[in-house]
Amino acid sequence: MRIEDVDTFWYDKAEYNNAERLFYEGITRNTSEAGSSRDIRPPVVITVTAKTSKKNKKHNTMAENKQLLYLNPLTMEANYFLETLDWATRQSEAQLDPHLTRLLNRIVVGIEKYLDKNPTYIVPKSTQPVPNEQEEAPTSSAAATSSSATSSSTSATPDEGVAFVPPKELNKIKRTFSCSACTNRIVGTTIAKAVAHLAEQHPNPNPNPPNSNQNVNAKVVNPPKAAAPTKQEKKVANVEARNAKTTVQLPKKAKSMVTADITNMFKEKYQVADKLKVLPEYDNIDRDLCELIAPGFADEPIRIYKFGSRITGIGSCSSDLDVFVDIGNNFHIFEHRASKATLLKLRVMRELFVASNKWRIINVIEQARVPIIKTCHLSSGIECDICLNSLGYCNTNLLKYLFEVQPLVQYMCIYVKTWLERCKLSEQITTYSMALMVTYFLQLNQLLPSIATLQNDNSNNAKQFVGPWVANFAQKSLSDLKIHQVQVTVPMIKEYMREFFKYYATFNYERFAVCPYLGTSGVAITKLERRMPQKYLDYAKQNPETTLQIRKPMVVQDPIQLNHNVTKAVTKITLQTFINFCAQTATLLGEAPTNCRPGQ
């Protein structure tokens with residue numbers, strides 16, 4: 001490896017900020033001081049030879065003398081990789097894959113950013129080695145595996161969960177590499193021999209299994225292959241494996257929330273959420289946003305639409321303000337994936353935000369289903385998510401209507417939003433997804449109408465479309481729909497919440513979908529698309545790649561954009577954790593009354 005000169009590196013680097021520049025200038029001035037604490041260096045350029053091994057060895061020795069630098073087996077695997085790369089580049093004139101080089105550069109830049117935070121060393125509480133402790137080295141490559149001998153390490157306390165070992169202990173591990181393609185034939189005890197074996201494409205393979213009593217001339221008979229498991233057997237195996245897993249315990253913060261008196265929580269959160277629906281700062285954001293964007297699109301009309309949890313009435317002070325910017329009267333245009341024209345508008349807006357002194361740009365996410373610009377309005381301190389898609393605004397109008405006609409929905413959504421955050425599940429399960437699950441649950445209790453009913457009651461002339469989707473609905477009162485309005489009290493909320501968690505703890509996610517559009521029980525995933533309106537069927541026929549993603553662990557259908565599964569990002573592990581947490585929460589909330597049972 002060759003270290004580029006610091007000045008040369010900064011002239012060649014495409015993007016950098018002043019903080020990084022000052023950081024590296026500090027390295028040049030304080031080499032002696034920095035060298036005694038950690039090995040800090042700019043991004044490396046990989047070439048045919050490597051010249052930093054002595055420096056690393058010296059740094060490790062200094063750290064060992066101070067008894068500060070401790071490594072775990074992951075570091076050992078990294079050392080294997082670097083040794084393999086070093087040996088391979090010295091033996092060959094081949095150039096590195098540019099994609100690999102870029103990945104390595106990103107890794108190094110990530111390390112730089114971490115070092116910018118001035119991390120503290122991990123100092124072991126006890127440096128007494130534990131004798132006769134077995135530690136297995138991790139796999140060294142895709143085709144070669146390694147085994148390890150006995151080594152001493154520093155024991156971790158039960159709370160740490162990771163055992164750290166001094167670097168010198170890594171040298172005591174004996175690595176034996178065996179090739180799985182050559183019937184686990186041992187190819188040597190060094191990385192050089194393992195790499196040479198792979199580079200020479202497995203010379204002298206051993207066709208016989210390692211059995212000392214086997215006759216050399218005996219004919220090898222391959223055992224018959226086991227029959228592949230059927231689909232039903234796989235499902236049974238998955239269920240058994242899921243049931244065998246240790247149940248993840250409900251986090252303490254969520255448990256305390258469930259068991260505590262929620263009167264004060266609603267008194268605080270409901271008032272805050274209600275106040276956030278209308279703030280004078282929103283008018284300033286509208287004005288500043290129009291003034292910023294208008295010069296970039298002088299010939300096109302611009303309108304601002306606010307939506308999201310702040311506007312519906314379930315937001316908190318830390319919630320973002322979602323904003324749809326309509327440039328050129330594109331409200332009724334639907335794009336399953338952002339077009340080049342939309343991305344071009346987004347990039348023009350990005351340049352305007354960067355040049356503004358009223359906004360601080362945070363991030364631009366172009367790869368998302370709905371590309372957004374994350375920015376902060378400096379005078380109000382409110383973070384905003386700017387997008388060019390109108391369906392989020394339409395979804396907000398639907399939730400606002402449901403909250404107004406049946407206030408119980410809003411209280412339940414505030415509760416599950418707080419519960420979701422305390423369970424640390426909000427990364428994959430969004431607040432909007434939970435709001436739809438609350439809506440569907442209350443539809444089964446005959447407390448809300450189906451969205452299809454509201455849209456069908458709307459006359460054809462009054463219907464507004466965004467692409468193929470009906471974006472509005474008939475805003476009827478519950479009395480017109482012959483639905484009872486629940487008197488909201490704290491005991492009543494807890495009763496419904498208990499049944500809500502109980503219902504979704506036992507819901508069959510493999511067979512059925514959560515479908516507020518239909519609002520009926522037993523919506524089979526395999527038959528869901530057949531029950532959709534003709535507009536959906538025509539659109540799916542013309543665009544088969546944009547159909548509803550039903551081959552997911554969890555299917556919660558958006559009631560307006562009918563081809564959108566809002567929980568498509570939920571993994572099997574997250575779903576199982578969610579089910580466990582629902583079951584535990586239902587138990588903690590106590591027995592439910594007989595007047596609050598969901599339909600089946």
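Ala, Val, Leu, Ile, Met, Phe, Trp, Tyr, Cys and Pro count here as nonpolar, Asp, Glu, Lys and Arg as charged, and the others, Gly among them, as polar. The model is predicted: local features need pLDDT of at least 70 and side-chain atom pairs pLDDT 80 or more, while totals for chains, interfaces and linings use all residues. Residues are numbered from 1 along each chain as its sequence is written, and side-chain values use heavy atoms, without hydrogens and water.

By those classes, the lining of the second largest pocket divides into 13 nonpolar, 17 polar and 10 charged residues. A pocket is an open set of points on a 1 Å grid over the protein atoms alone, where a 1.4 Å probe fits, with protein on both sides within 12 Å along at least five of seven lines; lining residues have an atom within 4 Å of a point. Of the 40 lining residues, Asp-322, Asp-385, Thr-430, Thr-431 and Tyr-432 lie nearest the pocket's centre. Helix α15 gives the largest share of this lining, 5 residues; helices (H or I, at least four residues) and strands (E, at least two) are DSSP runs, numbered from the N terminus.

Phe-441 sits in helix α17 (residues 431-444) and Phe-500 in helix α19 (residues 490-505), 59 residues apart.
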